[in-house]
Amino acid sequence: MRAGGQAPAFALSNQHAEIVRRDDLLGAPALLVFFPLVLTPVCEGELEALVARQPAWDAWGARVVGLSVDHRYSLRDAADRLGVGFDLLSDFWPHGDVARAFGCFDHERGHATRQSFVLDAAGRVARVISSSREQPRDAEDYEAALRALTE
């Protein structure tokens, strides 16, 4: 998935067993953050950084969504512990199907790679932000991408 392309359609359960669809994100900028596994230090650190910047996302009217192959019960546990107020979507079954559609599934490890997709209000990918498995993404990159869409 590259900048300029339409984000693939999806429908996944969040940590509260509610279905969230790609079309639910239309009408405002969105940040889709794929992460490998929620119960790992780097992933938890990234979630904490997103939570800390929630006021900025809200100011831009942007919706933040985290996605991983973890089961929704694991996502709920992490959300409760870390104070996550945005949707964490379970790409558990079919395993990694949405990550595959976005081109960010690591077939050898069985989980998403560390990629994020900033979507415009029409659901097109405005920017792709990625890092290695061991390296967290910089939340300031998200802010710059969202600022460019909203100002």
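Which residues is S13 in contact with, leaving aside its neighbours within four places in sequence? In this predicted model, S13 is in contact with E18, I19, R72, L88, L89 and S90, where contact means heavy atoms within 4.5 Å. S13 is found in strand β1 (residues 11-14). Strands (E, at least two residues) and helices (H or I, at least four) are DSSP runs, numbered from the N terminus. S13 counts as buried because its relative accessibility is 18%. Buried means under 20% relative accessible area, exposed over 50%, and partly exposed in between (1.4 Å probe, protein chains only).

Residues are numbered from 1 along each chain as its sequence is written, and side-chain values use heavy atoms, with hydrogens and water left out. Because the model is predicted, local features need pLDDT of at least 70 and side-chain atom pairs count only at pLDDT 80 or more, while totals for chains, interfaces and linings use all residues.

The largest nonpolar core has 24 residues. A nonpolar core is a set of buried Ala, Val, Leu, Ile, Met, Phe, Trp, Tyr and Cys residues joined through side-chain atoms within 4.5 Å. L47, L50, L88 and Y142 touch the most other members. Two or more residues each come from β3 (30-34), α1 (41-52), α3 (72-82) and α5 (139-150). L50 touches L31, V33, W57, V64, F86 and Y142, not counting residues up to four places away in sequence. In soluble globular proteins, nonpolar side chains tend to be buried together.

Helix α3 has a buried side and another side with exposed residues. L75, A78, A79 and L82 are buried. They are on the same side of α3 because they cover an arc of only 100 degrees around the axis, taken from the directions from the helix axis to the C-beta atoms. An α-helix has 3.6 residues a turn, so residues three or four places apart point the same way. On the other side of α3, Y73 and D80 are exposed. What covers the buried residues of α3 includes α1, β4 (63-68) and β5 (87-90). Just after α3, G83 takes a positive phi of about 75 degrees.

A17 lies in the loop between β1 and β2 (19-21). Its phi is near 70 degrees, a positive value in a residue other than glycine. A17 counts as partly exposed, at 42% relative accessibility. P94 lies in the loop between β5 and α4 (97-101). The peptide bond from W93 to P94 is cis, with omega near -10 degrees.

Strand β9 (residues 125-130) contains V125. V125 is buried, with a relative accessible area of 3%. V125 and G4 are 121 residues apart in sequence but 5.3 Å apart in space, C-alpha to C-alpha.

A search of the whole structure finds one cavity of 30 Å³ or more. On a 1 Å grid over the protein atoms alone, a cavity is a set of points where a 1.4 Å probe fits but cannot get out, and lining residues have an atom within 4 Å of a point. Grid points are joined across faces, edges and corners, and a volume is the space filled by probe spheres set on the points. The largest cavity has a volume of about 40 Å³. Its lining consists of R22, L25, L26, A28, A30, L119, D120, A121 and G123. By class, six lining residues are nonpolar, one is polar and two are charged. Ala, Val, Leu, Ile, Met, Phe, Trp, Tyr, Cys and Pro count as nonpolar, Asp, Glu, Lys and Arg as charged, and the others, Gly among them, as polar.

Technical notes. On a 1 Å grid over the protein atoms alone, a cavity is a set of points where a 1.4 Å probe fits but cannot get out, and a pocket is an open set with protein on both sides within 12 Å along at least five of seven lines; lining residues have an atom within 4 Å of a point.
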